[in-house]
Amino acid sequence: MWKIFFIAAFSFTFVSSQCLDTTATSRARSNSQCSWYNSNSCCEQGDISSFTSNPFNLECGEPTKGCSERLVALLCGMSCSPSWGSYMNATSKRPVVCHDFAYQTWYDCRQNSIKTQRIVGNIILGGCHTISDKYSNEYDFFVNGFEMDVAPRNQGKNKCFNGASSFSVNLLFTILLLSIATLL
């Protein structure tokens, strides 16, 4: 009987895999930068080896620790998550991030500086500005800065990227089913 539960849980864990890169196949891999996806990942180490403490090369200084961690989580999700394809908005064809993740990312990054450029005639004007000067809130930051949609606050977290590996949720589901199976 427990074998049926294990097979069902294992199947549930991997059925919904949909990589952003549709040519990639999710499988176990060994990536040091996005290791939380290693048991079911869409990326190779070479795809993500450029992720550093300054993941977007902000050019105007190192990002704060919280900002860097959020941006790495976003990059790892985009590159490695086997669920990223399921976060796409069918209408806009853009990825959807959960409101809480978008807000916390903007909040953690708002005082970091980014380089902005504007072309006037043949002259390129640029300079460093804080993210909060360039993007007034989490919607502005993700919609205009990343070309991603932000889910409404009340939307379920399974329909948007929230910075956590969906595999960890599936692993908990598997453990729960195995626990129930042992009781039967």
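Predicted model: local features only at pLDDT ≥ 70, side-chain atom pairs only at ≥ 80, totals over all residues.
The protein chain contains 7 helices and 4 strands. Read along the sequence, these elements follow the pattern α-α-α-β-α-β-β-α-α-β-α. The chain has 184 residues, and buried residues make up 38% of them. Among contacts between residues at least 6 apart in sequence, 60% join residues at least 24 apart.

The largest nonpolar core holds 25 residues. In soluble globular proteins, nonpolar side chains tend to be buried together. Within this core, L74, V97, F101, I131, F141, F142 and F161 touch the most other members. Helix 3 (65–80), helix 4 (99–109) and helix 6 (138–146) are the elements that give two or more residues to the core. Helix 3 provides the largest share, with 7 residues. L74 illustrates the packing. Leaving aside residues up to four places away in sequence, L74 touches W84, V97, F101, F142, F146, M148 and F161.

A single aromatic cluster is formed by W84, Y87, F101, Y135, F141, F142, F146 and F161. Several of its members are also contacts of L74, including W84, F101, F142, F146 and F161. The count of aromatic pairs comes to 12. One of them joins Y103 and W106. Their ring centres are 6.3 Å apart, the planes make an angle of 45°, and the pair is tilted. Both residues lie in helix 4, 3 residues apart, or about one turn of the helix. Y103 has a relative accessible area of 33%, so it counts as partly exposed. W106 is at 11% and is therefore buried. A second pair is formed by F141 and F142, and its geometry is edge-to-face. Here the centres are 5.5 Å apart, with 80° between the planes. F141 and F142 are both buried. R110 lies over the face of Y107, at 3.8 Å from the ring centre.

Helix 4 and helix 6 meet directly. Their axes come within 8 Å and cross at roughly 95°. Helix 4 is therefore roughly perpendicular to helix 6, because angles of 65 to 115 degrees fall in that class. From helix 4, the contact is made by H99, F101, A102, Y103, T105, W106 and C109. From helix 6, E138, Y139, F141 and F142 take part. Both residues of the tilted pair, Y103 and W106, are thus listed on the helix 4 side. The edge-to-face pair, F141 and F142, is listed on the helix 6 side.

H99 shows one end of this contact in more detail. H99 lies in helix 4. Its relative accessibility is 4%, so H99 counts as buried. With residues up to four places away in sequence left out, H99 touches E138, Y139, V150, A151, P152 and R153.

N162 lies in the loop between strand 4 (149–150) and helix 7 (166–183). N162 has 28% relative accessibility and so counts as partly exposed. N162 and F101 are 61 residues apart in sequence. In space, their C-alpha atoms are 5.3 Å apart.

Phi of K93 is near 65°. K93 is placed in the loop between helix 3 and strand 1 (96–97). At 61% relative accessibility, which is over the 50% cut-off, K93 counts as exposed. E147 has a phi of about 55°. E147 is found in the loop between helix 6 and strand 4. Its relative accessibility is 55%, so E147 also counts as exposed.

Notes. Residues numbered from 1 in each chain as written. Heavy atoms only, no water. Core = buried A, V, L, I, M, F, W, Y, C linked by side-chain atoms within 4.5 Å. Buried < 20%, exposed > 50% of the residue type's maximum accessible area, 1.4 Å probe, protein only. Contact = heavy atoms within 4.5 Å. Phe/Tyr/Trp six-rings, centres within 6.5 Å; stacked < 30°, edge-to-face > 60°. Lys NZ or Arg CZ within 6 Å of the ring centre and 35° of its normal. Axes fitted to C-alpha atoms, helices over the stretch in contact; angles between N-to-C directions. Parallel < 35°, antiparallel > 145°, perpendicular 65-115°, else oblique.
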